[in-house]
Amino acid sequence: MKHLVEQLVFKLALWSSRWLKNHSERKWLKLSSDIEKNRPLPLGRNISSVYKANNETRLETLASKGFSGDIKQHQIDRIALPKWANEIPTFLANQLSAHTRRAYENDLRQFFQFMEGRISAQEIGSLKPDHVILFRKYLEEGRLNGKPMEKATVNRKLAVVKSFLNWLKMNQVIRDNPAQLVKGFPQNQESSLIGFSDEEVRKILALPKRNSRAGALHSAVLHVLLYLGVRKSELLGLKMGDMTEERGVSVIKVRGKGHRVRILPITAQVKAALEHYFYVCRRDQTQHEEPLFTPTKNPVSRQLLKQMHPHAITYIVVHYAKKAGILKTISPHSCRATCISNALDRKATQRSVQHLAGWSTPLMIQRYDKRRDDLKNSAAFLVDYGEENPPVASVSN
């Protein structure tokens, strides 16, 4: 019975964290929309009632969803969430990116589901380094989901667990962080990401039928990915108003990780592809708030002025790669690696490549340079000691 109650507490805590996160996002989206549209804000209401602490409002709503009839009749049956569980929504809300919040939530859910039956839900302080080490082992061996995980993925999940436990420590929920001394796997400087050769890129860019709406769109998307090296999420976030001019140069504003904005020049190839796309698809460039790339057809809602789906970008890259005869596993991120490698091959400085990619540190350059292992470009060919008579291989009988 005790084990079932602990399981229920864990699942209730994780479910509530998701509900609280979605509720908070909807509130802030509405608030920001009201501000942008100059709508009057609800200042006449009691601010304390609008922004009640999570423990006051959210648990009441949770209880009302869990029970039918008069809530007061069921006060005795309520299960209070542990203090650590109440910290999950705040910890997630502290992350700037919605993508990061979703990833962190999934990682935490996986960890606490693993801990069911191993520690008491009410006593998070009983968590030990042994538990975290066992979690790491289960991830590595695939004993949680039946598929062994890459060491980089295991390291990321461990980092999320460590970060959340540090959060609990800072908020005095636990005394020490038992995961702090648990080691991750050595960081592999090699990335499994596969890029394209110059010949493969030329084949891919020549394939879209640019006289059609879909072909013009696909050509523009591929040019932006391969010439500017933007991430898929960055490409989807581009708006018409992000295209402008600075000092007589056409540029585009790209919003990267951590809400950092970098300004990239629109090269001649990219500009031509974009202008052709605007012409064929009849895009109005004065609509600054509209997405730069929109679908050319939508049989469900027929709404075209909306952001493209992330899967659509993946489809475009994979589709044309296969048509070009490229059988290796690739993704939109392969275009990013290709762009960075191409720039490095042409002697671009590390500083300029770092700005192009939107990295806060140049350490990522080595991981993304997909051509540095080409033997023809080996530094060994540049070593020269000025020998006058280098040895000649002898031929044995």
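Residues are numbered from 1 along each chain as its sequence is written, and side-chain values use heavy atoms, with hydrogens and water left out. Because the model is predicted, local features need pLDDT of at least 70 and side-chain atom pairs count only at pLDDT 80 or more, while totals for chains, interfaces and linings use all residues.

Searching the whole structure gives 11 aromatic pairs; rings of Phe, Tyr and Trp (its six-membered ring) pair if their centres lie within 6.5 Å, and planes under 30 degrees apart count as stacked, over 60 as edge-to-face and the rest as tilted. One of these is edge-to-face, because the rings of Phe114 and Tyr138 have planes at 65°, with centres 5.1 Å apart. Phe114 belongs to helix α5 (residues 98-115) and Tyr138 to helix α6 (residues 129-141), so this pair ties together parts that are 24 residues apart in sequence. Helices (H or I, at least four residues) and strands (E, at least two) are DSSP runs, numbered from the N terminus. Phe114 is buried at a relative accessible area of 4%, and Tyr138 is buried at 15%; buried means under 20% relative accessible area, exposed over 50%, and partly exposed in between (1.4 Å probe, protein chains only).

Ring pairs also join Phe114 and Tyr138 into a cluster with Trp84, Phe91, Tyr104, Phe111, Phe112, Phe135, Phe164 and Trp167. Over the ring of Phe114 sits the charged end of Arg118, 4.1 Å from the ring centre. Such a placement requires NZ of Lys or CZ of Arg within 6 Å of the ring centre and within 35 degrees of the ring normal. Arg136 likewise lies over the face of Phe185, at 5.9 Å from the ring centre.

Next comes a lysine. Lys162, in helix α7 (residues 151-170), touches Asn177, Ala179, Gln180 and Val182, leaving aside residues up to four places away in sequence; contact means heavy atoms within 4.5 Å.

Finally, the strands. Strand β2 (residues 249-255) runs antiparallel to β3, and 5 bridges join them; two strands pair if DSSP finds at least two bridges between them. Ile252 stands opposite Leu264 in β3. Strand β3 (residues 261-265) has Arg262 and Leu264 on its covered face, with Val261, Ile263 and Pro265 on the uncovered one. The hairpin of β2 and β3 has 5 residues between the strands, and Gly258 takes a positive phi near 65° there.
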